[in-house]
Amino acid sequence: MLFGGKRIGRILMLMGHSAGIGDLLRGSASWRALKNKFPDAELHLLFLTKDKGAVSERLISRHHLLSSFHVIDKRLRSIKDWRDFFKHFEEVLLKIKPDLIIDFEPHGLKSSFLCLYARVKYRVPSIGVGEIPFRSPFYTLASPPSRSINSPDYTDRFFVVLKALGIERNGIPIELEETPEALEFRKKFRSKFGIPPDKPIIGLNIGCGTPDALWKRPRLDLLRQAVYSLQKQTGSFLVLSGADFERDINEEFLKSYPLQALDLSGKTDILELPGLIRSCSLFISTDSGPYHMSVALRVPTLGIFVKDFPASYHHHPWVSCIILKDEGDIPNLVSEGFRLYKHFSQKEENA
């Protein structure tokens with residue numbers, strides 16, 4: 001595939017938003033769209049972050065759509081920091097030798113400066129978002145500003161820059177595949193923890209254990225009632241996931257819980273977690289990383305929210321997003337969860 005008369009064999013993508021697993025995974029729909037447009041091109045991701053070393057880096061670095069993954073600290077407090085910033089960028093450039101750079105970020109100038117640097121010094125063409133008038137000249141080609149896309153869906157933000165290439169989302173979902181570690185975990189999971197091979201599994205991720213996300217947790221008494229009803233209806237085994245620091249909330253949830261359940265908080269590595277999620281006939285999660293992972297794995301997913309939050313919703317047949325604020329919301333949650341479970345259980349039986 002050609003761009004400006006030049007064959008595109010390697011594309012370097014610049015992203016610089018949150019280091020959360022969900023935020024990074026939301027970009028995968030745009031990676032798929034690029035693969036559809038340039039099927040023979042390698043995709044390389046350079047992530048500009050203030051949270052270098054985040055756990056999400058291990059997962060995304062193994063993403064099946066990426067040929068390589070690189071991270072640069074974007075906290076620049078001195079002239080030396082700026083020098084190191086460009087030095088590290090140049091190291092990535094010389095290693096990848098991209099034919100095209102795509103800057104997905106509509107705001108800020110750090111990524112814009114990098115694109116201009118690559119174009120002036122190495123004649124690498126770039127595409128960016130013309131968010132404000134004086135930003136467009138930093139790029140070879142600029143797309144219309146992000147406000148031209150009237151969508152609350154966070155995933156759509158990654159398609160703003162792709163408009164310059166004539167690429168539309170057209171319902172493309174985010175995606176993730178199991179790593180070898182995840183596949184190995186899934187193969188041994190049931191026997192290791194004594195779960196019968198014919199017993200369906202419901203996964204639950206209460207999550208949201210970081211201080212800035214605590215508000216996303218629903219009331220435990222409401223969640224407990226809803227999950228109990230679903231587990232009883234489906235005759236399933238309940239498995240709770242979570243980070244080690246979320247073990248307390250899982251233990252609180254399981255106090256006096258009358259049905260079979262297993263708490264795996266802190267017992268799965270980030271590369272194994274997709275295997276756990278894929279083991280589930282239904283995965284229930286608050287708005288956190290595992291929720292987006294489940295959607296990306298195309299596991300029947302029930303997203304639990306405490307208020308209407310369209311930016312985090314996914315609109316696909318295998319996903320339902322439900323608000324849980326009071327007891328009156330429980331019947332709808334149980335009904336949607338059972339519908340997802342039955343529909344995809346039947347689909348699996350007929351496959």
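Contact here means heavy atoms within 4.5 Å. The structure is a predicted model.

**Helix 7 and helix 8**

By that rule, Leu220, Leu223, Arg224 and Val227 of helix 7 meet Ile249, Glu252 and Phe253 of helix 8. Sorted by class, this contact has five nonpolar, no polar and two charged residues.

How do the two helices lie? Helix 7 covers residues 220-234, helix 8 covers residues 247-254, and they pack at an angle of about 60 degrees. Their axes are 10 Å apart. Angles from 65 to 115 degrees would count as roughly perpendicular and those under 35 as roughly parallel. Helix 7 and helix 8 are therefore oblique to each other. Their crossing is right-handed.

An α-helix has 3.6 residues a turn, so residues three or four places apart point the same way.

**Helix 4 and helix 5**

Helix 4 (residues 79-96) packs with helix 5 (residues 110-122) at an angle of about 55 degrees, and the axes are 11 Å apart. That angle makes helix 4 oblique to helix 5. Helix 4 passes helix 5 in a right-handed crossing.

Which residues meet? Helix 4 brings Trp82, Phe85, Phe86, Phe89, Glu90, Leu93 and Leu94. Helix 5 brings Lys110, Phe113, Leu114, Tyr117, Ala118, Lys121 and Tyr122. By class, the contact has 11 nonpolar, no polar and three charged residues.

**Helix 2 and its cover**

Helix 2 spans residues 28-37. Its buried residues are Ser28, Ala29, Ser30, Trp31, Ala33 and Leu34. What covers them? The cover includes strand 3 (10-15), helix 1 (21-25) and strand 4 (42-49). It also includes helix 3 (56-60) and strand 6 (100-103).

**Pro98, a loop residue**

Pro98 sits in the loop between helix 4 and strand 6. Is Pro98 buried or exposed? Its relative accessible area is 6%, and buried means under 20%, so Pro98 is buried. Leaving aside residues up to four places away in sequence, Pro98 touches Arg10, Leu12, Leu93 and Val124. Pro98 and Arg123 are 25 residues apart in sequence, while their C-alpha atoms are 10 Å apart in space.

**Positive phi angles**

Asn170 and Arg298 each have a positive phi in a residue other than glycine. For Asn170, phi is near 50 degrees. For Arg298, phi is near 65 degrees. Asn170 is found in the loop between strand 8 (141-143) and helix 6 (180-193). Arg298 is found in the loop between helix 10 (289-296) and strand 13 (301-305).

**Accessibility in brief**

The table lists relative accessible areas for some of the residues in this report.

| Residue | Relative accessible area | Class |
|---|---|---|
| Pro98 | 6% | buried |
| Cys115 | 0% | buried |
| Asn170 | 72% | exposed |
| Arg298 | 49% | partly exposed |
| Cys321 | 24% | partly exposed |

**Cysteines**

A disulfide is a covalent bond between the sulfur atoms of two cysteines. How many disulfides are there? With a cut-off of 2.5 Å between cysteine sulfur atoms, the count comes to zero. Cys115 is buried, at 0% relative accessible area. Cys321, at 24%, counts as partly exposed.

Note on methods:
Residues numbered from 1 in each chain as written. Predicted model: local features only at pLDDT ≥ 70, side-chain atom pairs only at ≥ 80, totals over all residues. Heavy atoms only, no water. Axes fitted to C-alpha atoms, helices over the stretch in contact; angles between N-to-C directions. Helix = DSSP H or I, 4+ residues; strand = E, 2+ residues; numbered from the N terminus. Parallel < 35°, antiparallel > 145°, perpendicular 65-115°, else oblique. Left-handed = near helix turned anticlockwise from the far one by under 90°. Nonpolar A, V, L, I, M, F, W, Y, C, P; charged D, E, K, R; others polar. Buried < 20%, exposed > 50% of the residue type's maximum accessible area, 1.4 Å probe, protein only.
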